Amino acid sequence: MGAQQPSPGPSEAGRSLSIAIVASTRFPIREPFAGGLEAHTHLLAKSLRERGHRVSVFASDDSDPELGYEPICAPSRALELSDAAREDVSMPAPRFLEEHHAYLTLMLDLRGRSFDIVHNNSLHYLPIAMADALRAPVVTSLHTPPTPWLESALRARRSTPAAGRFVAVSHATARAWAGTLDASVIHNGVDVDFWRPRAGERLRQAVWSGRIVPEKAPHLAIDAARRAGIPLEFAGPIGDTEYFRRAVEPRLGPGVNYAGHLDRAELAELLGRSSVFVFSPCWEEPFGLVLGEALACGLPVAAWRRGAVEELIGHECGRIADPGDIDGLASAIGSAVDEVDPQSCREVAVQRLASERMVDQYEALYLRLADAPAPYATPAVV
């Protein structure tokens with residue numbers, strides 16, 4: 001099953017669609033963003049609204065008020081279990097049950113509402129499992145490699161997953177899902193008008209950004225930068241406190257600085273004054289939005305060959321090392337600084353990863369699905 005690339009749509013659809021975006025509840029959709037998924041959801045919703053579409057975002061409470069979001073976990077939808085239910089030996093973790101109840105309530109509510117398209121941008125299984133119960137076509141963006149919960153939801157559906165309704169954020173992610181479904185591919189995009197080179201001289205300095213968790217491995221980026229003899233400044237939210245204290249904090253010191261969890265403007269300034277971006281995934285990274293942000297700022301990339309890295313980082317804008325090879329990553333850092341033209345990095349970002357291209361493609365997909373005959377004789381009742 002080959003992943004098919006949707007044809008880019010017009011920059012203006014020529015009509016206004018009513019679009020529901022179902023976001024992840026793990027973190028609020030607001031700055032400073034907890035990760036690439038939150039930044040992507042915010043950019044997509046904002047861009048669609050600017051094009052004249054009527055966009056309803058269903059997101060975690062405390063998200064950006066400018067999104068006009070409806071909270072998935074609203075107090076009015078809170079789960080109130082009886083004492084008997086809570087005392088049952090099969091009672092799952094409260095966080096799991098709260099999230100399950102929130103998405104269950106939302107999907108039941110959406111059955112009675114009128115949208116042209118529902119875009120599932122969450123990581124939860126229920127928007128997939130219950131998609132056939134909705135009146136509108138449901139587009140699901142696959143932001144992760146296969147997980148047990150998502151695979152279970154897909155295999156339990158009464159209908160065959162329709163091609164085009166599932167969008168992988170990279171060809172690598174589409175290949176990972178190929179045993180379960182045939183997904184089209186739309187790369188995530190970045191606002192290249194915001195993420196851009198800054199005036200002034202760059203420091204001979206490396207930078208790393210992202211969630212500070214073991215699978216992103218900033219501690220290994222620190223080791224590689226030290227071996228390359230180049231100072232490193234890193235930024236991002238601490239997603240795993242124990243990991244930070246055990247593996248990252250002891251590595252702080254001369255030549256290594258933690259800048260904290262920065263908002264977009266602060267991060268753009270940090271990228272703009274640096275000379276190379278270090279990317280050190282220890283899992284099959286589905287996309288890596290930070291790579292697009294760095295390239296748009298004219299920053300060469302040194303990275304490990306994992307997931308979608310090679311799709312985004314060609315030889316003209318970075319250097320790639322074998323996964324887990326710290327010496328190789330150190331060599332890639334030095335080579336990227338000395339040999340890669342920052343302007344070529346900017347050009348790659350503008351040509352391949354601009355948000356306008358991403359939104360054009362989603363817009364074309366929405367229109368095709370909204371205009372197509374209903375693929376099922378009757379909605380499945382869940």
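Helices H7 and H12 are oblique to each other, and therefore I start with this pair. Oblique here is what remains after under 35 degrees (roughly parallel), over 145 (roughly antiparallel) and 65 to 115 (roughly perpendicular).

Some ground rules. This is a predicted model, with pLDDT of at least 70 needed for local features and 80 or more for side-chain atom pairs, while totals for chains, interfaces and linings use all residues. Numbering runs from 1 along each chain as its sequence is written, and side-chain values use heavy atoms, without hydrogens and water.

Back to the pair. H7 spans residues 218–228 and H12 spans 326–339. Helices are DSSP runs of H or I, at least four residues; strands are E, at least two. The packing angle is about 60 degrees, and the axes lie 8 Å apart. Axes are fitted to C-alpha atoms, over the stretch in contact for helices, and angles run from 0 to 180 degrees between N-to-C directions.

Who touches whom? On H7, the residues include Leu220, Asp223 and Arg227; on H12, they include Ile326, Asp327 and Ile333. Contact means heavy atoms within 4.5 Å.

Now the sheet. It is open, with seven strands in the order S3-S2-S1-S4-S5-S6-S7 and parallel pairing. Strands S3 (70–71) and S7 (184–185) are the edges; each has a single partner strand, so one side of each lacks a neighbour in the sheet. Pairing takes at least two DSSP bridges. S2 (residues 54–59) pairs with S3 over two bridges. Ala59 has Pro71 in S3 as its bridge partner.

Last, the helices on the sheet. H1 (residues 36–50) lies across S1, S2 and S4, at about 170 degrees to S1. H3 (residues 94–110) touches S1, S2 and S4, at about 165 degrees to S1.
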